[in-house]
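Subject: Structure handover and notes

Hello,

I am passing a structure on to you, with notes on what turned up in it. Please keep it open while you read.

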Amino acid sequence: PLSRRLACGDVEGQLEALFRRVRAIQGKSGHFDMLLCVGNFFGATSEAEWAEYRTGAKKAPIPTYVLGANDQKTVSYFPDVSGCELAENITYLGRRGLYSGASGLQIAYLSGTESQDEPAPDYSFNARDVSELKTSLLSNPDFKGVDILLTSPWPRDVGTFANSAGEIDTKKCGSKLVSDLAASLKPRYHFAALEKAYYERLPYRNHTVLQETPQHVSRFIALADVGNTSKKKYLYAFSITPMSLMDPAELVKQPQDVTENPYQKSRKEAQKTKARLCAEEEPACQFFFDLNKHQGKKRPSDGKETGNSQPKQAKKPPQPTGPCWFCLASPDVEKHLVVSIGTHCYLALAKGGLLPDHVLILPIGHYQSVVDLSSEVVEEVTKYKSALKEFFRSKGKRYVLFERNYRSQHLQLQVIPVPLDHCTPEDIKESFIAQAQEQQIELVEIPEHSDITQVVQPGTPYFYVELDTGEKLFHRIRGRFPLHFGRAVLASPALLALPQQADWRRCAAGRAAEEEAAQARAFRRDFQPFDFSLRD
């Protein structure tokens, strides 16, 4: 059965504002089964408002489950450390454990903030708490993950390989122990708060491609505080079928924008722990809530990612995070489109190209963006750019190159020739900037001799245009971005005037492999005098 849930960030005692919003959502979108609150449920001024709910004068509109205190000031609101009903329809889950709902949904939870103390204060958790929660679940040989994980702090390093978290520095913010827990429990949804920010990370994988059986993806969502003046999102609605009831093939489907796992070091340690626990065959020790009881009962039944310390040229490309259409060794590569193969890069005609000589420069190994490339790959990309500039100039053309590091796994440098006499560098730049402004996209010029690695960090989504004169335009992607933007600008009336070609799928449809192969052979033949890979 599909469960409809709401998750909420820091309530800070603003119960009226929260429940008014919940009622409004239910009035518009229909009934939700449950509200899950992370972060600070109570605040400094909660007492008067809370008294009305505690005494039964007011009642939460749907079953509401909350995490415990994050500071000493609010500890007194939670009379039973192991979990209890605080008021009608409002339940404190407990310090740590697994809540099994009547629907079969499994919700792991950890209250408080990270502490190094032993024992931890009432408003904190320490390494022992995390270890015991992991052990209780991982000791089951059939454990595949949990449906939902609730923590108040963010997991440290959650932004690695991901879209930007805005002002939050995910390398410094949050808890290493929460990262470790998330790496082990593999939640399908992980909610956190405390940073007064909304951040929905791209989904990440829980398996190593080509080495492990595919597993479900995880989604991390941080929520802001109730009633914040910046209008940041604090309530998140989602539908979920319990993992245990899903078709296995459906469960492990990988979305197009999936990324690597941000907690890779923790994940390796988690695999070792699981293997050891299963080998020891310890009796399963679980903490759980029974939905059919009013009173919750608990009963028994650091890894920050280290950078590569080797010099940059020794860096190996990471493994692809799924079937990759562009890794040259992959069976998915359309090899009949390949026109030149170097040592580290190759050249291929674009599938459904804007023009017959629209080509891609691609790394042979799996790199996500130009920013991630090792120095020897960068060197060969530069060689291909020079060869293509010479080649296209010999035909009275100049090239426009662009890269979209957003919802893509493997670096693709799109290289599209335009007529020299018709498209000046100024025309091209003006077209890109004008169309960007129309769509509220901030496209800025960066100095000719500066490197893109000087303006953007690895893992940051961006769009980038480069002319064969060395002039560059750059946009840092912070939200949504039109996938066909670069192509649409070049296809516009001001440049190539091919509006019907703006979507590559329309161009690729109905094109036979034989036709594509013939086009590739013709390009290969013409490009041969300029192809350094045949001389090196």
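This is a predicted model: local features need pLDDT of at least 70, side-chain atom pairs count only at pLDDT 80 or more; totals for chains, interfaces and linings use all residues.

Residues are numbered from 1 along each chain as its sequence is written, and side-chain values use heavy atoms, with hydrogens and water left out.

The cores

A nonpolar core here is a set of buried Ala, Val, Leu, Ile, Met, Phe, Trp, Tyr and Cys residues joined through side-chain atoms within 4.5 Å. Buried means under 20% relative accessible area, exposed means over 50%, and partly exposed is in between (1.4 Å probe, protein chains only). In soluble globular proteins, nonpolar side chains tend to be buried together.

The largest nonpolar core has 34 residues, and Ile361, Leu388 and Phe523 touch the most other members. At least two residues of this core come from each of strand E17 (345-349), strand E18 (359-363), helix H7 (375-393), E19, E20, E22 and helix H11 (513-527). Helices (H or I, at least four residues) and strands (E, at least two) are DSSP runs, numbered from the N terminus. H7 gives the most to this core, with seven residues. Apart from this core lies another, of 32 residues, among them Phe19, Leu35, Tyr53 and Tyr92.

Phe523 sits in helix H11 and is buried, at 6% relative accessibility. Leaving aside neighbours within four places in sequence, Phe523 is in contact (heavy atoms within 4.5 Å) with Val339, Leu347, Leu349, Asp357, Val359, Leu388 and Phe391. Phe523 and Val359 are 164 residues apart in sequence, and their C-alpha atoms are 9.6 Å apart in space.

H7 has 19 residues and reaches 27 Å from its first C-alpha to its last, close to the expected 27 Å. The expected span of a helix is 1.5 Å times one less than its number of residues. The buried residues of H7 are Val377, Glu380, Val381, Tyr384, Lys385, Ala387, Leu388, Phe391 and Phe392.

Helix H8 (residues 425-438) has 14 residues and reaches 20 Å from first C-alpha to last, close to the 20 Å expected. Which residues of H8 are buried? They are Pro425, Ile428, Lys429, Ser431, Phe432, Gln435 and Ala436. They cover an arc of only 160° around the axis, which puts them on the same side of H8. The arc is that of the directions from the helix axis to the C-beta atoms. An α-helix has 3.6 residues a turn, so residues three or four places apart point the same way. On the other side of H8, Glu430, Gln437 and Glu438 are exposed.

What covers the buried residues of H8 includes strand E19 (397-405), strand E20 (413-419), strand E21 (444-446), strand E22 (462-467), strand E23 (472-476) and helix H9 (485-491). After H8 comes Gln440, with a positive phi near 55°.

Cysteines

The structure holds zero disulfides, a disulfide being a pair of cysteine sulfur atoms within 2.5 Å. For Cys37, the closest cysteine sulfur is that of Cys8, at 4.7 Å, too far for a bond. Cys37 is buried at 1% relative accessibility, and Cys423 is buried at 0%.

Loops

Ser115 is in the loop between strand E8 (113-114) and strand E9 (124-125), and is buried at 8% relative accessibility. A polar atom of the Ser115 side chain lies 2.9 Å from the backbone nitrogen of Asp117. Not counting residues up to four places away in sequence, Ser115 touches Ala120, Pro121, Ser124, Phe125 and Asn126. Pro119 lies in the loop between E8 and E9 as well, and a cis peptide bond joins Glu118 and Pro119, with omega about 0°.

Most residues other than glycine have a negative phi, and most peptide bonds are trans. Glu12, in the loop between strand E1 (3-8) and helix H1 (15-29), has a positive phi near 50° and is partly exposed, at 25% relative accessible area. Lys196 has a positive phi of about 55°. Lys196 lies in the loop between strand E11 (189-192) and strand E12 (199-200) and is partly exposed, at 39%.

Regards

How values were computed. A polar contact is a pair of N or O atoms within 3.5 Å; within protein, one must be able to donate a hydrogen and the other to accept it, and residues adjacent in sequence count only if both atoms are side-chain atoms.
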